[in-house]
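Please open the model in your viewer and keep the selection tool at hand.

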Amino acid sequence: MNRPIRVLVAKPGLDGHDRGAKVIARALRDAGMEVIYTGLRQTPEQIVATAIQEDVDVIGLSLLSGAHNYLFPRVAELLKEEGVDDVLLIGGGVIPNEDIPGLKEAGISEIFTPGTPTTEMIEYIKNNLKR
Amino acid sequence: MSYMKLIENMLKGQKRACGKLITIVENEPEEAEKILREIHQYTGKAHIIGITGPPGAGKSTLTDKMVKALIKEGNKVAVIAIDPTSPYTGGSILGDRIRMQDLALDPNVFIRSMGTRGHLGGLSKYTKNALKVLDAAGYDYIIIETVGVGQSEVDIVKIADTIIMVMVPGLGDDIQSIKAGIMEIGDIFAVNKSDLFGADRTATEINMMLDLSMDMERRPPVVKVVAAKNEGIDDLINEVREHINYLKKSGKFEERRKNNLKLEVVELIEEELRKIVISHTDKESKLDGEVVDILNKKKNVYEVRDEFLGKLNRSPN
Ligand code: B12
Ligand SMILES: Nc1nc2c(ncn2[C@@H]2O[C@H](COP(=O)(O)OP(=O)(O)OP(=O)(O)O)[C@@H](O)[C@H]2O)c(=O)[nH]1
Ligand SMILES: [Mg+2]
(Lines give C-alpha, C1' and ligand atoms only; values in the text may rest on other atoms or scores of the structure.)
(Ligands and ions follow the chains in the order given, each with its own letter.)
Protein backbone atom coordinates (compact mmCIF):
# COMPACT_ATOMS: atom_id res chain seq x y z
CA MET A 1 0.00 0.00 0.00
CA ASN A 2 1.60 3.22 -1.13
CA ARG A 3 0.31 5.76 1.35
CA PRO A 4 1.98 8.45 3.44
CA ILE A 5 3.48 7.28 6.72
CA ARG A 6 1.38 8.58 9.61
CA VAL A 7 3.22 9.48 12.79
CA LEU A 8 1.93 10.60 16.17
CA VAL A 9 4.49 12.86 17.84
CA ALA A 10 3.54 12.99 21.49
CA LYS A 11 4.85 14.56 24.67
CA PRO A 12 3.89 12.46 27.68
CA GLY A 13 3.86 13.74 31.23
CA LEU A 14 4.39 17.21 32.62
CA ASP A 15 7.46 18.05 30.53
CA GLY A 16 7.28 21.51 28.93
CA HIS A 17 10.28 21.16 26.59
CA ASP A 18 8.65 21.10 23.18
CA ARG A 19 11.36 22.37 20.83
CA GLY A 20 12.65 18.90 20.07
CA ALA A 21 9.15 17.55 19.38
CA LYS A 22 8.47 20.43 17.02
CA VAL A 23 11.80 19.98 15.24
CA ILE A 24 11.01 16.30 14.75
CA ALA A 25 7.45 17.03 13.59
CA ARG A 26 8.76 19.40 10.93
CA ALA A 27 11.53 17.08 9.82
CA LEU A 28 9.09 14.20 9.38
CA ARG A 29 6.65 16.42 7.53
CA ASP A 30 9.43 17.50 5.19
CA ALA A 31 10.17 13.83 4.61
CA GLY A 32 6.61 13.47 3.29
CA MET A 33 4.96 12.06 6.39
CA GLU A 34 1.63 13.00 7.95
CA VAL A 35 2.45 14.09 11.46
CA ILE A 36 -0.20 14.35 14.12
CA TYR A 37 0.99 16.63 16.89
CA THR A 38 -1.11 16.72 20.03
CA GLY A 39 0.72 19.22 22.18
CA LEU A 40 2.08 19.04 25.69
CA ARG A 41 1.09 17.05 28.77
CA GLN A 42 -0.44 13.90 27.36
CA THR A 43 -1.11 10.87 29.50
CA PRO A 44 -0.03 7.49 28.11
CA GLU A 45 -3.74 6.63 27.91
CA GLN A 46 -4.45 9.68 25.74
CA ILE A 47 -1.51 8.87 23.51
CA VAL A 48 -2.66 5.32 22.88
CA ALA A 49 -6.30 6.36 22.33
CA THR A 50 -5.16 8.97 19.82
CA ALA A 51 -2.92 6.49 18.02
CA ILE A 52 -5.87 4.12 17.62
CA GLN A 53 -8.28 6.74 16.28
CA GLU A 54 -5.67 8.16 13.92
CA ASP A 55 -4.47 4.67 12.94
CA VAL A 56 -0.86 5.83 12.90
CA ASP A 57 2.08 3.73 11.76
CA VAL A 58 4.48 5.26 14.26
CA ILE A 59 4.32 6.76 17.75
CA GLY A 60 7.25 9.05 18.55
CA LEU A 61 7.53 10.01 22.21
CA SER A 62 9.58 13.05 23.19
CA LEU A 63 10.70 13.59 26.77
CA LEU A 64 13.38 15.70 28.42
CA SER A 65 12.12 15.73 31.98
CA GLY A 66 13.67 12.48 33.14
CA ALA A 67 10.42 10.54 33.59
CA HIS A 68 11.04 8.34 30.53
CA ASN A 69 11.66 5.16 32.53
CA TYR A 70 8.07 5.20 33.70
CA LEU A 71 6.17 6.92 30.86
CA PHE A 72 7.70 5.18 27.83
CA PRO A 73 7.15 1.60 29.06
CA ARG A 74 3.62 2.57 30.13
CA VAL A 75 2.76 3.48 26.53
CA ALA A 76 4.20 0.16 25.32
CA GLU A 77 2.17 -1.69 27.93
CA LEU A 78 -1.11 0.05 26.98
CA LEU A 79 -0.53 -0.69 23.31
CA LYS A 80 -0.15 -4.34 24.16
CA GLU A 81 -3.30 -4.26 26.29
CA GLU A 82 -5.25 -2.79 23.39
CA GLY A 83 -3.90 -5.44 21.04
CA VAL A 84 -2.06 -2.90 18.90
CA ASP A 85 0.86 -4.77 17.36
CA ASP A 86 1.36 -2.89 14.10
CA VAL A 87 2.66 0.42 15.46
CA LEU A 88 6.36 1.27 15.61
CA LEU A 89 7.11 2.86 19.00
CA ILE A 90 10.19 5.10 19.25
CA GLY A 91 11.36 7.85 21.56
CA GLY A 92 13.77 10.73 21.90
CA GLY A 93 14.98 13.53 24.14
CA VAL A 94 17.43 13.81 26.99
CA ILE A 95 17.81 10.15 27.92
CA PRO A 96 20.95 8.76 29.58
CA ASN A 97 22.66 5.98 27.65
CA GLU A 98 22.41 3.59 30.56
CA ASP A 99 18.59 3.77 30.43
CA ILE A 100 18.35 2.80 26.77
CA PRO A 101 18.70 -1.02 27.08
CA GLY A 102 15.92 -1.11 29.67
CA LEU A 103 13.61 0.96 27.47
CA LYS A 104 14.25 -1.33 24.51
CA GLU A 105 13.53 -4.30 26.73
CA ALA A 106 10.20 -2.66 27.60
CA GLY A 107 9.16 -2.42 23.94
CA ILE A 108 10.50 0.89 22.67
CA SER A 109 12.19 0.00 19.40
CA GLU A 110 14.73 2.81 19.30
CA ILE A 111 15.78 5.91 21.25
CA PHE A 112 17.22 9.05 19.61
CA THR A 113 19.22 11.37 21.83
CA PRO A 114 20.42 14.96 21.18
CA GLY A 115 22.80 15.25 18.28
CA THR A 116 21.31 12.48 16.19
CA PRO A 117 20.72 13.80 12.67
CA THR A 118 17.04 13.77 11.72
CA THR A 119 17.93 11.97 8.47
CA GLU A 120 18.94 8.98 10.59
CA MET A 121 15.58 9.00 12.35
CA ILE A 122 13.70 9.21 9.04
CA GLU A 123 15.68 6.28 7.63
CA TYR A 124 15.01 4.27 10.75
CA ILE A 125 11.26 4.89 10.53
CA LYS A 126 11.11 4.00 6.85
CA ASN A 127 13.01 0.76 7.40
CA ASN A 128 11.19 -0.42 10.49
CA LEU A 129 7.49 0.09 9.83
CA LYS A 130 5.33 -2.73 11.10
CA ARG A 131 2.41 -2.32 8.70
CA MET B 1 -7.72 -8.47 9.00
CA SER B 2 -10.36 -8.87 6.29
CA TYR B 3 -12.48 -5.84 5.66
CA MET B 4 -15.66 -7.79 6.46
CA LYS B 5 -14.31 -8.49 9.94
CA LEU B 6 -13.32 -4.84 10.30
CA ILE B 7 -16.81 -3.74 9.32
CA GLU B 8 -18.33 -6.16 11.82
CA ASN B 9 -16.11 -4.79 14.59
CA MET B 10 -16.69 -1.19 13.55
CA LEU B 11 -20.46 -1.71 13.75
CA LYS B 12 -19.97 -3.13 17.24
CA GLY B 13 -18.32 0.15 18.18
CA GLN B 14 -14.64 -0.81 18.13
CA LYS B 15 -12.61 2.31 17.54
CA ARG B 16 -9.59 0.44 16.26
CA ALA B 17 -11.64 -1.14 13.47
CA CYS B 18 -13.16 2.24 12.68
CA GLY B 19 -9.70 3.82 12.48
CA LYS B 20 -8.42 1.06 10.19
CA LEU B 21 -11.42 1.31 7.87
CA ILE B 22 -10.87 5.05 7.53
CA THR B 23 -7.26 4.39 6.53
CA ILE B 24 -8.41 2.02 3.82
CA VAL B 25 -11.12 4.29 2.40
CA GLU B 26 -8.68 7.18 2.47
CA ASN B 27 -5.97 5.35 0.56
CA GLU B 28 -7.18 2.44 -1.53
CA PRO B 29 -9.94 3.32 -3.97
CA GLU B 30 -10.71 -0.27 -4.96
CA GLU B 31 -10.95 -1.64 -1.42
CA ALA B 32 -12.79 1.53 -0.43
CA GLU B 33 -15.49 0.83 -2.96
CA LYS B 34 -16.05 -2.65 -1.56
CA ILE B 35 -16.31 -1.31 1.97
CA LEU B 36 -18.57 1.58 1.06
CA ARG B 37 -20.92 -0.68 -0.88
CA GLU B 38 -21.13 -2.89 2.19
CA ILE B 39 -21.80 -0.15 4.76
CA HIS B 40 -24.15 1.96 2.64
CA GLN B 41 -27.18 0.53 4.44
CA TYR B 42 -25.94 1.84 7.79
CA THR B 43 -25.29 5.40 6.64
CA GLY B 44 -27.43 8.51 6.46
CA LYS B 45 -28.30 8.84 10.11
CA ALA B 46 -25.68 11.30 11.34
CA HIS B 47 -26.19 15.03 11.25
CA ILE B 48 -23.19 16.57 9.55
CA ILE B 49 -21.88 19.94 10.68
CA GLY B 50 -19.23 21.77 8.69
CA ILE B 51 -17.03 24.28 10.48
CA THR B 52 -15.20 26.63 8.21
CA GLY B 53 -13.56 30.05 8.37
CA PRO B 54 -10.19 31.77 8.04
CA PRO B 55 -6.96 30.18 9.39
CA GLY B 56 -6.62 30.67 13.13
CA ALA B 57 -10.23 31.80 13.63
CA GLY B 58 -10.66 29.24 16.39
CA LYS B 59 -12.35 26.46 14.45
CA SER B 60 -10.65 23.68 16.43
CA THR B 61 -11.27 25.37 19.77
CA LEU B 62 -14.92 25.83 18.84
CA THR B 63 -15.18 22.23 17.68
CA ASP B 64 -13.81 21.07 21.03
CA LYS B 65 -16.43 23.05 22.94
CA MET B 66 -19.29 21.99 20.68
CA VAL B 67 -18.34 18.34 21.04
CA LYS B 68 -18.33 18.70 24.81
CA ALA B 69 -21.78 20.30 24.77
CA LEU B 70 -23.18 17.62 22.47
CA ILE B 71 -21.84 14.65 24.41
CA LYS B 72 -23.22 16.10 27.61
CA GLU B 73 -26.66 15.63 26.03
CA GLY B 74 -25.86 11.96 25.48
CA ASN B 75 -24.79 12.12 21.84
CA LYS B 76 -21.96 10.26 20.18
CA VAL B 77 -19.83 12.71 18.22
CA ALA B 78 -17.10 12.27 15.63
CA VAL B 79 -14.75 14.90 14.25
CA ILE B 80 -12.82 15.00 11.00
CA ALA B 81 -10.20 17.74 11.20
CA ILE B 82 -8.49 18.72 7.97
CA ASP B 83 -5.21 20.55 7.64
CA PRO B 84 -3.22 21.44 4.51
CA THR B 85 -0.67 19.08 2.99
CA SER B 86 2.57 20.65 1.78
CA PRO B 87 2.52 20.71 -2.02
CA TYR B 88 6.32 20.36 -2.05
CA THR B 89 6.90 17.36 0.17
CA GLY B 90 3.48 15.72 0.41
CA GLY B 91 3.85 15.82 4.17
CA SER B 92 1.79 17.67 6.73
CA ILE B 93 1.53 18.61 10.36
CA LEU B 94 -1.97 17.91 11.57
CA GLY B 95 -2.35 20.01 14.69
CA ASP B 96 -6.07 20.48 15.24
CA ARG B 97 -6.09 17.89 18.02
CA ILE B 98 -3.99 20.18 20.20
CA ARG B 99 -7.26 22.04 20.94
CA MET B 100 -9.18 18.84 21.64
CA GLN B 101 -6.80 17.08 24.01
CA ASP B 102 -9.22 16.01 26.69
CA LEU B 103 -11.63 14.42 24.21
CA ALA B 104 -9.18 11.66 23.28
CA LEU B 105 -10.35 9.31 26.00
CA ASP B 106 -14.09 9.91 25.83
CA PRO B 107 -15.82 6.69 24.77
CA ASN B 108 -18.44 8.67 22.82
CA VAL B 109 -15.96 10.69 20.77
CA PHE B 110 -13.85 9.78 17.76
CA ILE B 111 -11.44 12.27 16.21
CA ARG B 112 -9.58 11.80 12.97
CA SER B 113 -7.08 14.20 11.38
CA MET B 114 -6.60 14.32 7.62
CA GLY B 115 -4.25 16.12 5.24
CA THR B 116 -5.69 17.67 2.08
CA ARG B 117 -3.15 15.73 -0.01
CA GLY B 118 -3.24 18.15 -2.90
CA HIS B 119 -7.00 18.44 -3.09
CA LEU B 120 -8.37 21.96 -3.32
CA GLY B 121 -11.72 22.89 -1.91
CA GLY B 122 -11.03 22.72 1.82
CA LEU B 123 -11.43 18.96 2.19
CA SER B 124 -9.39 15.99 1.04
CA LYS B 125 -10.55 13.89 -1.87
CA TYR B 126 -11.68 11.08 0.42
CA THR B 127 -13.13 13.04 3.35
CA LYS B 128 -16.52 11.89 2.15
CA ASN B 129 -15.46 8.25 2.45
CA ALA B 130 -14.27 8.73 6.02
CA LEU B 131 -17.54 10.47 6.80
CA LYS B 132 -19.49 7.44 5.63
CA VAL B 133 -17.50 5.12 7.88
CA LEU B 134 -18.14 7.33 10.91
CA ASP B 135 -21.80 7.64 9.98
CA ALA B 136 -22.12 3.85 9.82
CA ALA B 137 -20.30 3.59 13.14
CA GLY B 138 -23.28 5.31 14.73
CA TYR B 139 -22.04 8.81 15.56
CA ASP B 140 -25.04 11.11 15.95
CA TYR B 141 -23.14 14.22 14.94
CA ILE B 142 -20.10 14.43 12.71
CA ILE B 143 -18.23 17.71 12.73
CA ILE B 144 -15.93 18.46 9.84
CA GLU B 145 -13.34 21.17 10.37
CA THR B 146 -12.16 22.36 6.97
CA VAL B 147 -8.80 23.98 6.27
CA GLY B 148 -8.89 27.75 6.60
CA VAL B 149 -11.06 29.33 3.92
CA GLY B 150 -9.46 31.39 1.23
CA GLN B 151 -11.52 32.05 -1.83
CA SER B 152 -12.78 28.78 -3.17
CA GLU B 153 -12.76 26.20 -0.40
CA VAL B 154 -16.44 25.44 -0.52
CA ASP B 155 -16.52 21.67 -1.00
CA ILE B 156 -18.04 21.43 2.44
CA VAL B 157 -21.45 22.36 0.98
CA LYS B 158 -21.45 19.07 -0.85
CA ILE B 159 -21.39 17.01 2.32
CA ALA B 160 -22.61 19.05 5.30
CA ASP B 161 -26.19 19.56 6.50
CA THR B 162 -25.35 22.63 8.57
CA ILE B 163 -22.41 24.93 7.90
CA ILE B 164 -21.02 27.19 10.61
CA MET B 165 -18.92 30.01 9.24
CA VAL B 166 -16.48 31.19 11.89
CA MET B 167 -15.47 34.85 11.73
CA VAL B 168 -13.33 36.91 14.08
CA PRO B 169 -12.99 40.60 14.94
CA GLY B 170 -10.43 42.55 13.00
CA LEU B 171 -10.93 40.95 9.62
CA GLY B 172 -12.00 44.39 8.42
CA ASP B 173 -12.04 44.56 4.67
CA ASP B 174 -11.50 40.83 4.57
CA ILE B 175 -15.18 40.30 5.16
CA GLN B 176 -15.81 42.14 1.92
CA SER B 177 -13.25 40.09 0.10
CA ILE B 178 -14.34 36.66 1.26
CA LYS B 179 -17.95 37.50 0.61
CA ALA B 180 -18.27 36.20 -2.91
CA GLY B 181 -19.19 32.56 -2.96
CA ILE B 182 -18.07 31.93 0.57
CA MET B 183 -20.45 33.96 2.71
CA GLU B 184 -23.29 32.28 0.85
CA ILE B 185 -22.50 28.85 2.22
CA GLY B 186 -22.90 29.81 5.89
CA ASP B 187 -26.07 28.55 7.55
CA ILE B 188 -24.94 30.05 10.85
CA PHE B 189 -22.33 32.72 11.47
CA ALA B 190 -20.26 32.47 14.63
CA VAL B 191 -18.26 35.55 15.58
CA ASN B 192 -15.54 33.91 17.66
CA LYS B 193 -13.05 35.72 19.90
CA SER B 194 -15.83 38.04 20.95
CA ASP B 195 -13.70 38.80 23.99
CA LEU B 196 -11.55 40.88 21.65
CA PHE B 197 -12.22 44.45 20.56
CA GLY B 198 -14.40 44.84 17.48
CA ALA B 199 -16.69 41.84 17.83
CA ASP B 200 -19.84 43.96 17.63
CA ARG B 201 -18.58 45.65 14.54
CA THR B 202 -17.82 42.31 12.90
CA ALA B 203 -21.32 41.08 13.75
CA THR B 204 -22.78 44.26 12.26
CA GLU B 205 -20.73 43.89 9.12
CA ILE B 206 -21.90 40.33 8.65
CA ASN B 207 -25.49 41.43 9.18
CA MET B 208 -25.07 44.19 6.61
CA MET B 209 -23.73 41.67 4.18
CA LEU B 210 -26.73 39.46 4.84
CA ASP B 211 -29.06 42.45 4.28
CA LEU B 212 -27.73 42.63 0.74
CA SER B 213 -28.59 39.05 -0.10
CA MET B 214 -32.20 39.39 -1.19
CA ASP B 215 -32.93 35.84 -2.28
CA MET B 216 -32.70 34.24 1.15
CA GLU B 217 -35.54 32.06 2.35
CA ARG B 218 -33.96 31.90 5.75
CA ARG B 219 -31.71 34.51 7.21
CA PRO B 220 -28.63 32.91 8.83
CA PRO B 221 -28.28 33.90 12.48
CA VAL B 222 -25.15 35.62 13.74
CA VAL B 223 -23.96 34.34 17.12
CA LYS B 224 -21.18 35.82 19.23
CA VAL B 225 -19.00 33.22 20.96
CA VAL B 226 -15.79 32.99 22.94
CA ALA B 227 -14.67 29.45 22.22
CA ALA B 228 -11.59 29.74 24.41
CA LYS B 229 -13.80 30.51 27.42
CA ASN B 230 -16.71 28.27 26.47
CA GLU B 231 -19.07 31.25 26.16
CA GLY B 232 -22.03 31.33 23.78
CA ILE B 233 -21.68 27.66 22.90
CA ASP B 234 -25.20 26.77 24.06
CA ASP B 235 -26.62 29.54 21.87
CA LEU B 236 -24.69 28.16 18.95
CA ILE B 237 -25.91 24.61 19.57
CA ASN B 238 -29.46 25.98 19.78
CA GLU B 239 -29.03 27.61 16.40
CA VAL B 240 -27.78 24.31 14.98
CA ARG B 241 -30.91 22.67 16.33
CA GLU B 242 -33.08 25.46 14.88
CA HIS B 243 -31.41 24.92 11.54
CA ILE B 244 -32.07 21.20 11.66
CA ASN B 245 -35.75 21.92 12.43
CA TYR B 246 -35.93 24.37 9.58
CA LEU B 247 -34.34 21.90 7.16
CA LYS B 248 -36.71 19.13 8.16
CA LYS B 249 -39.87 21.25 8.17
CA SER B 250 -39.19 22.93 4.86
CA GLY B 251 -38.24 19.73 3.08
CA LYS B 252 -34.79 21.21 2.50
CA PHE B 253 -33.11 18.42 4.39
CA GLU B 254 -34.11 15.84 1.86
CA GLU B 255 -33.61 18.25 -1.00
CA ARG B 256 -30.05 19.00 0.08
CA ARG B 257 -29.16 15.36 0.54
CA LYS B 258 -30.69 14.43 -2.81
CA ASN B 259 -28.74 17.19 -4.54
CA ASN B 260 -25.55 16.04 -2.90
CA LEU B 261 -26.15 12.43 -3.86
CA LYS B 262 -26.74 13.46 -7.42
CA LEU B 263 -23.49 15.42 -7.40
CA GLU B 264 -21.68 12.42 -6.00
CA VAL B 265 -22.98 10.05 -8.64
CA VAL B 266 -22.19 12.54 -11.41
CA GLU B 267 -18.66 12.89 -10.05
CA LEU B 268 -18.21 9.11 -10.04
CA ILE B 269 -19.43 8.87 -13.61
CA GLU B 270 -17.17 11.73 -14.70
CA GLU B 271 -14.23 10.02 -13.11
CA GLU B 272 -14.82 6.84 -15.09
CA LEU B 273 -15.39 8.78 -18.31
CA ARG B 274 -12.17 10.67 -17.77
CA LYS B 275 -10.32 7.38 -17.41
CA ILE B 276 -11.75 6.20 -20.71
CA VAL B 277 -10.81 9.42 -22.50
CA ILE B 278 -7.31 9.34 -21.06
CA SER B 279 -6.78 5.74 -22.06
CA HIS B 280 -7.78 6.62 -25.62
CA THR B 281 -5.72 9.76 -25.93
CA ASP B 282 -2.63 8.48 -24.13
CA LYS B 283 -2.22 4.88 -25.07
CA GLU B 284 -2.39 5.26 -28.80
CA SER B 285 -1.20 8.87 -29.03
CA LYS B 286 -4.29 9.20 -31.14
CA LEU B 287 -4.26 12.95 -31.34
CA ASP B 288 -0.72 13.54 -32.61
CA GLY B 289 -1.69 13.70 -36.29
CA GLU B 290 -4.79 15.74 -35.63
CA VAL B 291 -2.84 18.31 -33.68
CA VAL B 292 -0.61 18.89 -36.69
CA ASP B 293 -3.72 19.26 -38.84
CA ILE B 294 -5.02 21.90 -36.48
CA LEU B 295 -1.70 23.74 -36.61
CA ASN B 296 -1.79 23.66 -40.40
CA LYS B 297 -5.38 24.85 -40.49
CA LYS B 298 -6.56 21.67 -42.16
CA LYS B 299 -8.92 21.10 -39.28
CA ASN B 300 -10.19 23.06 -36.32
CA VAL B 301 -10.38 21.92 -32.70
CA TYR B 302 -14.10 21.25 -32.87
CA GLU B 303 -13.82 18.94 -35.84
CA VAL B 304 -11.15 16.95 -34.05
CA ARG B 305 -13.30 16.74 -30.94
CA ASP B 306 -16.28 15.46 -32.90
CA GLU B 307 -14.18 12.91 -34.78
CA PHE B 308 -12.71 11.69 -31.50
CA LEU B 309 -16.09 11.32 -29.86
CA GLY B 310 -17.38 9.54 -32.94
CA LYS B 311 -14.57 7.02 -32.63
CA LEU B 312 -15.19 6.58 -28.90
CA ASN B 313 -18.82 5.78 -29.53
CA ARG B 314 -17.90 3.09 -32.00
CA SER B 315 -15.19 1.39 -29.94
CA PRO B 316 -16.33 -0.70 -26.94
CA ASN B 317 -13.67 0.79 -24.64
C1 B12 C 1 15.84 24.94 26.03
C2 B12 C 1 15.71 24.30 27.40
C3 B12 C 1 14.68 24.73 28.22
C4 B12 C 1 13.64 25.73 27.76
C5 B12 C 1 12.55 24.95 26.98
C6 B12 C 1 11.91 25.73 25.84
C7 B12 C 1 10.97 24.86 25.08
N8 B12 C 1 9.80 25.38 24.81
O9 B12 C 1 11.27 23.75 24.68
C10 B12 C 1 13.16 26.26 29.14
C11 B12 C 1 13.96 27.47 29.53
C12 B12 C 1 11.67 26.65 29.21
C13 B12 C 1 13.49 25.11 30.06
C14 B12 C 1 12.92 24.91 31.28
C15 B12 C 1 13.26 23.89 32.14
N16 B12 C 1 14.28 23.01 31.98
CO17 B12 C 1 15.29 22.85 30.36
N18 B12 C 1 16.50 22.70 28.99
C19 B12 C 1 16.62 23.28 27.83
C20 B12 C 1 17.89 22.78 27.12
C21 B12 C 1 18.98 23.82 27.35
C22 B12 C 1 17.78 22.53 25.63
C23 B12 C 1 16.57 21.69 25.18
C24 B12 C 1 16.29 21.90 23.74
O25 B12 C 1 15.37 22.63 23.37
N26 B12 C 1 17.08 21.31 22.85
C27 B12 C 1 16.96 21.45 21.43
C28 B12 C 1 16.08 20.32 20.88
C29 B12 C 1 15.94 20.43 19.37
O30 B12 C 1 16.72 19.11 21.19
P31 B12 C 1 16.01 17.90 21.92
O32 B12 C 1 14.76 18.31 22.55
O33 B12 C 1 16.98 17.14 22.73
O34 B12 C 1 15.60 16.98 20.69
C35 B12 C 1 16.54 16.32 19.89
C36 B12 C 1 16.75 14.88 20.28
O37 B12 C 1 16.64 14.68 21.68
C38 B12 C 1 15.77 14.12 19.50
N39 B12 C 1 14.38 13.98 19.94
C40 B12 C 1 13.70 14.65 20.89
N41 B12 C 1 12.44 14.23 20.95
C42 B12 C 1 12.28 13.28 20.02
C43 B12 C 1 11.19 12.52 19.65
C44 B12 C 1 11.32 11.59 18.63
C45 B12 C 1 10.13 10.81 18.22
C46 B12 C 1 12.56 11.41 17.98
C47 B12 C 1 12.69 10.43 16.90
C48 B12 C 1 13.65 12.17 18.37
C49 B12 C 1 13.52 13.10 19.36
O50 B12 C 1 15.75 14.83 18.30
C51 B12 C 1 15.92 16.23 18.53
C52 B12 C 1 16.72 16.83 17.41
O53 B12 C 1 18.01 16.28 17.39
C54 B12 C 1 18.16 21.45 27.88
C55 B12 C 1 19.61 21.04 27.95
C56 B12 C 1 20.01 20.17 26.79
N57 B12 C 1 21.24 20.36 26.39
O58 B12 C 1 19.26 19.38 26.25
C59 B12 C 1 17.59 21.76 29.26
C60 B12 C 1 17.05 20.62 30.10
C61 B12 C 1 16.24 19.66 29.24
N62 B12 C 1 16.16 21.32 31.03
C63 B12 C 1 16.20 20.81 32.23
C64 B12 C 1 15.45 21.30 33.32
C65 B12 C 1 15.74 20.68 34.67
C66 B12 C 1 14.51 22.33 33.16
C67 B12 C 1 13.59 22.91 34.22
C68 B12 C 1 12.98 21.90 35.19
C69 B12 C 1 14.43 23.96 34.96
C70 B12 C 1 13.75 24.53 36.20
N71 B12 C 1 14.26 24.14 37.33
O72 B12 C 1 12.80 25.30 36.09
C73 B12 C 1 12.53 23.67 33.42
C74 B12 C 1 11.31 22.78 33.21
C75 B12 C 1 10.34 23.33 32.15
C76 B12 C 1 9.11 22.48 31.99
N77 B12 C 1 7.94 23.06 32.11
O78 B12 C 1 9.20 21.29 31.75
C79 B12 C 1 17.15 19.64 32.33
C80 B12 C 1 16.43 18.30 32.40
C81 B12 C 1 17.13 17.38 33.39
C82 B12 C 1 16.72 15.94 33.31
N83 B12 C 1 16.23 15.41 32.23
O84 B12 C 1 16.94 15.25 34.29
C85 B12 C 1 18.05 19.86 31.07
C86 B12 C 1 18.60 18.54 30.49
C87 B12 C 1 19.22 20.77 31.50
C88 B12 C 1 20.16 20.07 32.46
N89 B12 C 1 21.28 19.62 31.95
O90 B12 C 1 19.87 19.97 33.60
N91 B12 C 1 14.46 24.33 29.50
N1 LIG D 1 -9.01 35.58 22.38
C2 LIG D 1 -9.49 34.42 21.94
N3 LIG D 1 -8.66 33.53 21.37
C4 LIG D 1 -9.18 32.38 20.93
C5 LIG D 1 -10.55 32.06 21.04
N6 LIG D 1 -10.77 30.85 20.49
C7 LIG D 1 -9.58 30.41 20.05
N8 LIG D 1 -8.61 31.32 20.31
C9 LIG D 1 -7.17 31.20 20.00
O10 LIG D 1 -6.97 31.30 18.61
C11 LIG D 1 -5.86 30.50 18.21
C12 LIG D 1 -6.24 29.59 17.07
O13 LIG D 1 -7.21 28.67 17.51
P14 LIG D 1 -7.55 27.35 16.73
O15 LIG D 1 -8.74 26.75 17.39
O16 LIG D 1 -6.36 26.50 16.57
O17 LIG D 1 -7.95 27.97 15.32
P18 LIG D 1 -8.27 27.22 13.93
O19 LIG D 1 -9.25 28.06 13.21
O20 LIG D 1 -8.64 25.82 14.21
O21 LIG D 1 -6.86 27.27 13.21
P22 LIG D 1 -6.41 26.48 11.89
O23 LIG D 1 -6.95 25.08 12.00
O24 LIG D 1 -4.92 26.53 11.96
O25 LIG D 1 -6.98 27.24 10.73
C26 LIG D 1 -5.42 29.75 19.46
O27 LIG D 1 -4.32 30.40 20.01
C28 LIG D 1 -6.62 29.84 20.37
O29 LIG D 1 -6.27 29.78 21.73
C30 LIG D 1 -11.41 33.04 21.69
O31 LIG D 1 -12.61 32.85 21.83
N32 LIG D 1 -10.82 34.19 22.09
MG1 LIG E 1 -7.79 24.05 13.47
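**First stop: the cobalt atom**

Select the cobalt atom of ligand 1: its only protein donor is His17(A), through NE2, at 2.2 Å. Donors are N, O and S atoms within 2.8 Å of the metal (3.2 Å for Na, K and Ca), and water is not among the atoms, so sites may look incomplete. His17(A) is placed in the loop between strand 1 (6-10) and helix 1 (19-30) of chain A. Helices (H or I, at least four residues) and strands (E, at least two) are DSSP runs, numbered from the N terminus.

This is a predicted model, in which local features need pLDDT of at least 70 and side-chain atom pairs count only at pLDDT 80 or more, while totals for chains, interfaces and linings use all residues; side-chain values use heavy atoms, with hydrogens and water left out. Residues are numbered from 1 along each chain as its sequence is written, with chains lettered from A and ligands numbered from 1 in the order in which they are written.

**Second stop: the magnesium ion**

Select ligand 3, the magnesium ion. Its protein donors, 2.1 to 2.2 Å away, are Ser60(B) (OG), Asp96(B) (OD) and Glu145(B) (OE). Asp96(B) lies in the loop between strand 3 (92-94) and strand 4 (109-115) of chain B and Glu145(B) in strand 5 (residues 141-145), so the pair ties together parts 49 residues apart in sequence. Along the chain, the donors follow the spacing S-x35-D-x48-E. Asp96(B) is buried, at 7% relative accessible area, and Glu145(B) is buried as well, at 3%. Buried means under 20% relative accessible area, exposed over 50%, and partly exposed in between (1.4 Å probe, protein chains only).

Now display the residues around ligand 2. There are 18 of them, and the closest are Gly58(B), Lys59(B), Ser60(B), Thr61(B) and Arg99(B); a residue counts if one of its heavy atoms lies within 4 Å. Helix 4 (residues 59-72) of chain B gives the largest share of this shell, 3 residues. A nitrogen atom of ligand 2 is 2.9 Å from an N or O atom in the side chain of Asp195(B), and an oxygen atom of the ligand is 3.1 Å from one in the side chain of Glu145(B).

**Last stop: helix 3 of chain B**

Which residues of helix 3 (residues 29-39) of chain B are buried? They are Ala32(B), Ile35(B), Leu36(B) and Ile39(B). The face turned away from the buried side of helix 3 of chain B carries the exposed residues Glu30(B) and Arg37(B).

Conventions:
Polar contact = N/O pair within 3.5 Å; in protein donor to acceptor, adjacent residues only side chain to side chain.
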